[in-house]
Amino acid sequence: MLLAAIAACQLATARPSFDPFPEARHADVALSRAEATELLAEALRADSIPVTRVEPRDGYVETPWFDAETGRPTSKRPVGRGIVRVRGWVEPARVRHSELRVETVFRRMVDPSLPERELERQVAAEHPVAQRVDSVLAELARRYEGQLR
């Protein structure tokens, strides 16, 4: 019985080992974690943000590095504000509510001596992709009885 209980526990997660930047946008919605994750991914895709990774069980979405102007994934070295990545974390809040935290990041420089995450920075609120993320979160909050923070 103990072995069955241990086997049922999954300690692995598809999320990265780091949290979103404090500047990440927040929204609360009246949805379960899995529903909120799926709807966040759909809404971002509908706004031409190329979400390629969706983990409903873990509450996580992610894009590849993409060109901020075209919305297309890029194979260029991700340096500068013109190439960004969007990541979203969905946390359970109160009963049947979830908190969405979405960051839009760029790499300011290349430095092989540092971990990649240390090179990332949140884009400014005026950045076009950040504004699109804000509008997606505002619409989800409006539609699902939540609020944008």
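## The E5–E6 hairpin

In the hairpin formed by E5 and E6, five residues lie between the strands, and Arg96 adopts a positive phi near 55°. Helices (H or I, at least four residues) and strands (E, at least two) are DSSP runs numbered from the N terminus. The model is predicted, so local features need pLDDT of at least 70 and side-chain atom pairs count only at pLDDT 80 or more, whereas totals for chains, interfaces and linings use all residues. Residues are numbered from 1 along each chain as its sequence is written, and side-chain values use heavy atoms, with hydrogens and water left out.

E5 and E6 pair in the antiparallel sense over eight bridges; two strands are said to pair if DSSP finds at least two bridges between them. Within this pairing, Val86 stands opposite Thr104 in E6.

His26 stands opposite Arg101 in E6, and Ala27 opposite Leu100.

## Strand E1

Four of the five residues of E1 are buried, which leaves the strand mostly covered. Two bridges join E1 to strand E8 (residues 147–148), and these strands run antiparallel. The bridge partner of Ala27 in E8 is Leu148.

## The nonpolar core

The largest nonpolar core has 25 residues, and those with the most contacts inside it are Leu40, Leu44, Val86, Leu100, Val129 and Val133. Such a core is a set of buried Ala, Val, Leu, Ile, Met, Phe, Trp, Tyr and Cys residues joined through side-chain atoms within 4.5 Å. At least two residues of this core come from each of strand E1 (25–29), helix H2 (33–46), strand E5 (83–92), strand E6 (98–107) and helix H4 (128–143). H4 supplies the largest share, six residues.

Val129 touches Ile49, Phe66, Ala68, Val84, Val86 and Thr104, not counting residues up to four places away in sequence. Contact here means heavy atoms within 4.5 Å.

## Helix H2

At 1.5 Å a residue, the 14 residues of H2 should span 20 Å, which agrees with the 20 Å between its end C-alpha atoms; the expected span is 1.5 Å times one less than the number of residues. In H2, Ala36, Thr37, Leu40, Ala41 and Leu44 are buried. They cover an arc of only 130° around the axis, which puts them on the same side of H2; the arc is that of the directions from the helix axis to the C-beta atoms.

The buried residues of H2 pack against E1, strand E2 (53–55), strand E3 (60–62), E5, E6 and H4. Just after H2, Ser48 takes a positive phi of about 65°.

## Thr74

Thr74 lies in the loop between strand E4 (66–67) and E5. Thr74 is partly exposed, with a relative accessible area of 23%. Not counting residues up to four places away in sequence, Thr74 touches Trp65, Phe66, Asp67 and Ile83.

Technical notes:
Buried means under 20% relative accessible area, exposed over 50%, partly exposed in between (1.4 Å probe, protein chains only).
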